[in-house]
Amino acid sequence: MTTAGFFTSVVDVIFCIYGFSFYVVTAARAGRTLPRLTIVAVLHGSVLTATMMIGPKQQQPLGDDARLDLLQALSNWVLAVNACLHVVGYTLLVLLYRHSVQTIFNRTLPKTLRKRVASFGAHLVLLRPLEIVARFVTAPWRTLPDILVLGEVRCGTTTLCQHLSSLNVQGPFCLWAHPELDHKESFYWVGHYLGYVSPYLYRMCFSWNHRGRTNNGTACSFDGCAQYLTSPTAPHLIAQAYRHAGQPPPILIACVRNPVDQAMSWWNYEQAAMQWGTSMELTEWNTSLRSSQYPPKTVMKALDFSSSDFVEDSYERAEKLVENNCHSLPPWAMTWPAGQLGAIGRSGMYASNIDRYERVFWTTFGNHNKASTTHTTASHRKCRYPMGSKYRYMNVIPLDDLKNETTLKVALTSIMEQVSERRQEMARHEPPPNLFSRLIATWFPQTNSYTDPHVMLSRLRTVRRNSSNPN
């Protein structure tokens, strides 16, 4: 190695150490747990090093010596626990980083050390690896959501979820600490958690279960991931999750708008998202995964790509995977097969996407056994939204209804009526809470009265009466 090359390598290492330190501090200030533990470990190690450099301790009285030994043992124990959390947290963070770059941003890993530090640091600020581990471990004692806002993208799902949150319906845990995504969508069924989509652990994204096997008596919750409606795998996996839990199906909602407007809005949104990826020093596309045609250069080419044989085959193969009980999606099937722009012509096919959910949920809940039939009958006494809908499981809300105050209140009232009926049906089949559920209820009490769907429904009806009688 030449002197110039050695000097360049040293400068790169110094730059990377400084850059990583900057991202750790930035992430810690943003509230990320793992970077905060990193700072604690650095400070803790510095204090221990300084203490050892001072030299051997002077003779102390017997009582003081015992206390110092205890303090030293406690310090070593804290340092060991912190080290274990670092190993777990940074190992998962590296795996999530590689997964995100290759299958979510559809890029290849940067080739230079500087660019890798920059892109990894951006993910350090965004991701929550320790929280993910904790939630997967405690998933069996968590609840399933009552409401699933399935999509479509750019059709008002964020607006609807904001209205649900205003009623104190709890949103999901999101692995991405981003203001547009946090407490709104979990991304569980589209493979963001390293492709793991087990129906048995979907609960990890939601709050504690205070009532044992079912979630009656716990906070009303929702998941609002707009990628679920077009996904060929999500309907099968969602149905399996509720079937396995012995619960009636959730309240399923599809938001729709003019397909041309939706396609153009999605194209513009993805252009901004691709620029975001480029700003992380992710510059080369993962064509080996998404094909040499990705990303399409114009919206018309994107529409042609979404209807190509490559995309059609990818969607068919992905659906067959989950039909055969595959609970880990391969990279090509995430987050949508053929990438986000591979769905631009399919996301506006509302009827076929909704019909797929109807078919899957009817197959799962409509004719299996007496218990599931009871759930289905009770869950559909009320009409779906809008009134007179032909669908048994899906509520369809046009974007214009979300913009109009009157129709918005009607839609929210209909949704909460269905949640109320679902909770009543669950209560009739609910076992008494076990000891662990009682402990959870003691440690994590429900303090907000509006989390009860009956209270929320009463509140909505009061608002509707007041709005219809303005005097």
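I began at Gly-151, which stands opposite Ala-254 in strand 3. The model is predicted, so local features need pLDDT of at least 70 and side-chain atom pairs count only at pLDDT 80 or more, while totals for chains, interfaces and linings use all residues. Residues are numbered from 1 along each chain as its sequence is written, and side-chain values use heavy atoms, without hydrogens and water.

Sheet. I took strands (E, at least two residues) and helices (H or I, at least four) as DSSP runs numbered from the N terminus. Pairing requires at least two DSSP bridges between two strands. I found four strands in an open sheet, order 2-1-3-4, with parallel pairing. Strand 2 (222-223) and strand 4 (394-398) are the edges, each pairing on one side only.

Strand 1. I noted two bridges to strand 2 and four to strand 3. Leu-148 has Asp-223 in strand 2 as its bridge partner.

Strands 3 and 4. Strand 3 (residues 251-256) pairs with strand 4 over five parallel bridges. I looked up Ile-253 and found Asn-395 in strand 4 as its bridge partner.

Helix 3. I located Val-81 in helix 3 (residues 62-104). At 33% relative accessibility, Val-81 counts as partly exposed, the class between 20% and 50%.

Definitions and conventions. Buried means under 20% relative accessible area, exposed over 50%, partly exposed in between (1.4 Å probe, protein chains only).
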